[in-house]
Amino acid sequence: TLPTARAHGLADLQIVVDAHERYAWKFADQQATTTVRALPAGDYAVELDGELVASVERKSVADLASSLSTGRLKFALADLASLPRAAVVVEGRYSEIFGLAHVRGSVLADGLAECAAAWPQVPIQFCENRKLAQEWTFRFLGATLAAARERADLAAVGDGLRTVEVDVTQLDAAPRSSVRRPA
């Protein structure tokens with residue numbers, strides 16, 4: 001049984017689904033709503049003030065193997081790396097890459113290791129099945145949106161602070177304090 005709690009306390013997570021995504025997740029079991037439109041990278045994303053904050057690329061094990069073999073995954077990872085936060089979620093277990101019929105598991109394992117080394121800011125998360133991959137994506141997008149909102153709030157507070165200038169050249173001429181310092 002999956003949790004039904006909100007992702008990072010967000011009342012309603014707005015998830016953008018790529019228009020080219022076939023058999024898109026509906027997030028029906030999560031407190032989220034979806035809109036469909038073209039994304040520059042990934043299949044599912046969240047925005048803050050019209051800017052993409054995070055995106056997740058979804059893969060089945062077979063699609064992952066195909067993308068690794070053809071080199072398409074490297075292009076997708078490069079696009080994802082250009083975003084503030086991104087990840088790849090795989091609907092299956094890592095061990096499944098060693099049981100595929102048309103490609104050697106060691107070749108796929110090496111390819112995944114190369115991708116992790118080249119784009120460490122884009123994790124590749126294996127989940128056991130489609131439902132868990134959707135749940136992980138919901139939680140990841142919620143966490144990244146909450147963090148982006150917090151950063152934006154802190155930046156707004158910082159912008160409101162006043163800068164005070166002090167002329168340090170006159171400090172030597174200032175009278176000494178009469179407060180005794182402890183010995």
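To get us started: which residue does Ala45 stand opposite in β4?

Reply: Happy to, and keep in mind that this is a predicted model. Ala45 stands opposite Ser55 of β4. The two strands behind this part of the picture are β3, residues 44-48, and β4, residues 51-60; they run antiparallel and are joined by 5 bridges.

Next, the helices. Then comes helix α2, residues 72-81, whose buried residues are Leu73, Ala76, Leu77 and Leu80. These cover an arc of only 100° around the axis, so they end up on the same side of α2. The general rule behind such patterns is that an α-helix has 3.6 residues a turn, so residues three or four places apart point the same way. As for what they meet, the buried residues of α2 pack against β4, α1, β5 and α3 (105-118).

That takes us to the largest nonpolar core, which has 23 residues. Leu64, Leu68, Leu77, Leu80, Ile97 and Val122 have the most contacts inside it. The elements giving two or more residues to this core are α1, α2, β5 and α3. Take Leu68 as an example: leaving aside residues up to four places away in sequence, Leu68 touches Leu73, Leu108, Gly111, Leu112 and Cys115.

There's also a second, separate core of 21 residues, and Leu13, Ala32, Phe138 and Ala148 are among them. You'll find Leu13 in strand β1, residues 13-18, and its relative accessibility is 1%, which is why Leu13 counts as buried. Again not counting residues up to four places away in sequence, Leu13 touches Gln31, Ala32, Thr33, Val46, Phe138, Leu141, Gly142 and Leu145. Gln31 is 18 residues from Leu13 along the chain, with 6.6 Å between their C-alpha atoms.

Methods: Residues numbered from 1 in each chain as written. Predicted model: local features only at pLDDT ≥ 70, side-chain atom pairs only at ≥ 80, totals over all residues. Heavy atoms only, no water. Pairing = 2+ DSSP bridges. Helix = DSSP H or I, 4+ residues; strand = E, 2+ residues; numbered from the N terminus. Buried < 20%, exposed > 50% of the residue type's maximum accessible area, 1.4 Å probe, protein only. Arc of directions from axis to C-beta. Contact = heavy atoms within 4.5 Å. Core = buried A, V, L, I, M, F, W, Y, C linked by side-chain atoms within 4.5 Å.
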